[in-house]
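Good morning, and thank you for making time for this presentation. Please have the sequence and the model open while I speak.

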Amino acid sequence: MSGIGMQLGQVQSQRMEQRLAPRMIQSMEILQLPVMDLQARVQQELQENPVLELTEKDEETQAIEAAEEPGPAPVAEEAAAADPGERELNIDVQGDGDIEFDRLEAMNRDWENHFNEEHRQSRGHLAEESDRKHEAMQNMADRPPSLHDHLGEQATFLDCTAEQLELVRYLISFVDERGYLARKEEVPEEPGHERRHKKYVTKPIELEELASSHEPPVSVAAIEEALQLLQKLEPPGVGARTLQECLLLQLTPDMPHHDLVQTLIQHHLEDFEHNRMPVIQRKTGCDLELIHEARDVITRLNPLPGAQFTASISSYVTPDIEVGKDENGAYTVRLLDDWIPSICISPRYIQMYRDRASDPKAREYLKQKLQSAQWLIESIEQRRNTLEKVTRAIIHHQKAFLDEGPELIRPLKMQQIADQVGVHVTTVSRAVDDKWVQTPRGLFPLKRFFGGGTEDDVAYETIKQKLLEIIAKEDKVNPLSDEDLVAKLQELHYNLARRTVTKYRKMLHIPSSRERKDWTLAEKQQVERAAHAAHEVPVPEPVPPSLPEPPAVLPHEIAHTPFSGDGDGELH
């Protein structure tokens with residue numbers, strides 16, 4: 001029997017690993033934050049880090065900074081090389097650390113006379129601040145009633161038995177935010193295709209499943225009766241399982257063209273989607289004008305009855321940068337960081353750390369907090385420098401955009417800005433992510449200024465704008481096909497393939513030429529042409545004028561007729 005030999009020993013090997021230092025991770029996080037999120041981050045750090053203090057600028061300082069035009073600032077690496085105070089904090093507990101203490105004190109030299117002691121608010125100021133918070137809470141809007149609350153309140157007034165009321169409330173719990181009796185199911189991933197985000201599809205809930213899942217189980221007929229009661233509640237269409245059912249529940253006998261509308265909803269919704277009006281006309285036997293009137297009735301119905309109860313969240317955009325013009329017409333860049341609190345490191349904690357007689361654990365704790373505070377302050381300053389440099393480079397490339405309008409935007413890649421600024425392309429990506437700029441042309445996200453283009457240095461956004469203009473001017477009776485759009489763009493010196501035009505058309509949510517055709521207008525023009533042809537009086541063909549017949553010459557007069565000629569035998 002052979003045994004397996006095992007040997008224990010030490011083996012020396014080398015390998016290279018790339019690890020991000022905590023300071024670099026924090027710097028990237030700060031760079032990516034928009035101004036309002038950065039404000040919240042600073043407020044959080046002020047609460048968690050006791051060595052940080054909030055400073056307030058006086059009015060004179062704010063006026064001076066507002067009047068000064070910001071110039072290009074060096075990036076953090078350049079500033080660190082020029083100023084020893086910008087180096088990474090490295091406090092040595094065993095050594096004297098005098099150099100590092102001097103650095104920390106230099107960072108706060110403008111505030112040392114103001115923050116020797118912690119600021120304590122008076123009792124009256126605390127009471128006043130508390131009153132303002134209570135007043136703000138009282139002025140907050142109440143939570144609007146949800147769809148389930150609205151349906152449950154109406155259910156109490158239904159004329160039904162207690163058992164039916166309980167089933168109605170049971171069904172209400174399955175109504176989704178759209179007002180449908182449905183649920184979301186996750187779409188399974190295809191083999192070999194990894195998906196970043198989960199994909200869901202909405203499916204109606206079967207009555208058999210609802211009946212069996214009830215405790216105790218009930219019959220399907222009881223669920224159907226409860227569903228009919230639920231569908232009588234407001235808003236109309238609630239409790240439907242499909243779009244057709246939702247629209248049919250909203251029909252009333254006094255609606256115009258009720259029977260035709262009902263037929264169109266039951267059998268021709270897909271034809272409406274693809275603008276197959278001749279098919280609907282042929283199957284229903286109605287003229288196009290009547291079909292369009294019925295379609296107008298359908299468009300006034302609500303396909304999402306529960307949407308009115310969905311809490312609408314208004315998102316407000318706060319620009320990070322402002323681009324303006326000076327008296328010479330040159331563009332200027334100013335960071336709008338007034339929302340960010342001004343912070344500094346408290347000299348009081350620096351003195352506490354200098355005391356070598358204090359507890360070593362306390363000194364270690366202060367070392368970590370002092371280092372974290374310095375990293376935060378330097379990361380904020382580095383964010384300012386990087387964001388300003390990137391914005392200036394973008395404005396330099398897109399000057400025509402600001403001068404003339406979005407149609408003159410130029411193709412621009414982030415790599416071009418990264419090469420010009422001297423940073424990595426991922427730094428540019430983080431700098432422009434979720435950042436907005438206020439310009440004389442309006443408010444735009446910084447990513448709006450980036451985009452690809454054709455070989456002729458024409459931005460894709462320009463081509464999309466031209467495509468919209470061409471389609472807006474087309475004949476609605478004979479819309480332009482994708483081949484026609486290619487020809488129109490070639491007339492404007494934009495050489496694109498048909499598949500590219502089709503891709504842009506779909507990106508702009510523009511239907512195909514058949515779906516854009518106005519069949520009512522086409523029929524109207526056809527009728528007008530037929531009527532004109534029927535009432536047109538035929539014009540007879542013009543008859544060429546006949547030559548007058550020569551006078552008759554008697555035979556006995558021929559001998560007495562004088563003869564004159566020009567030598568060709570023709571009489572004159």
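Let me begin with a definition: a residue is called buried under 20% relative accessible area, exposed over 50%, and partly exposed in between, using a 1.4 Å probe and protein chains only. The model is a predicted one, in which local features need pLDDT of at least 70 and side-chain atom pairs count only at pLDDT 80 or more, while totals for chains, interfaces and linings use all residues. Residues are numbered from 1 along each chain as its sequence is written, and side-chain values use heavy atoms, with hydrogens and water left out.

I turn now to the salt bridges. The term requires a side-chain nitrogen of Lys or Arg within 4 Å of a carboxyl oxygen of Asp or Glu. How many salt bridges does the structure hold? There are 23.

One of them joins E29 to R41, with 3.7 Å between the closest N and O atoms. Because E29 belongs to helix 1 (residues 22–32) and R41 to helix 2, this pair ties together parts that are 12 residues apart in sequence. Helices here are DSSP runs of H or I with at least four residues, strands are runs of E with at least two, and both are numbered from the N terminus. Is R41 buried or exposed? With a relative accessibility of 17%, R41 counts as buried, whereas E29, at 39%, counts as partly exposed.

A further salt bridge is formed by K325 and D403, whose closest N and O atoms are 4.0 Å apart. This pair links distant parts of the chain, since K325 sits in strand 4 (residues 321–325) and D403 in helix 18 (residues 399–404), 78 residues apart. Both partners are partly exposed: K325 has a relative accessibility of 48%, and D403 has 27%.

Salt bridges may also be linked in a network, as they are for R183, E185, K203 and E209.

Next, please look at helix 20. V432 has its place in this helix, which covers residues 425–432. At a relative accessible area of 0%, V432 is buried. Which residues does V432 touch, not counting those up to four places away in sequence? They are V390, I394, M414, L446, K447 and F450, where contact means heavy atoms within 4.5 Å. V432 and L31 are 401 residues apart in sequence, yet their C-alpha atoms are 9.1 Å apart in space.

K447, one of the residues that V432 touches, also forms a salt bridge with D433, at 3.3 Å between the closest N and O atoms. K447 lies in the loop between strand 8 (442–445) and helix 21 (460–472), and D433 in the loop between helix 20 and strand 7 (436–439), so the pair ties together parts that are 14 residues apart in sequence. K447 is partly exposed at 42%, as is D433 at 23%.

Let me return to helix 2, which spans residues 35–48 and contains E45. E45 counts as buried, at 11% relative accessibility. Leaving aside neighbours within four places in sequence, E45 is in contact with L52, S372 and L376.

E225 is partly exposed, its relative accessible area being 42%.
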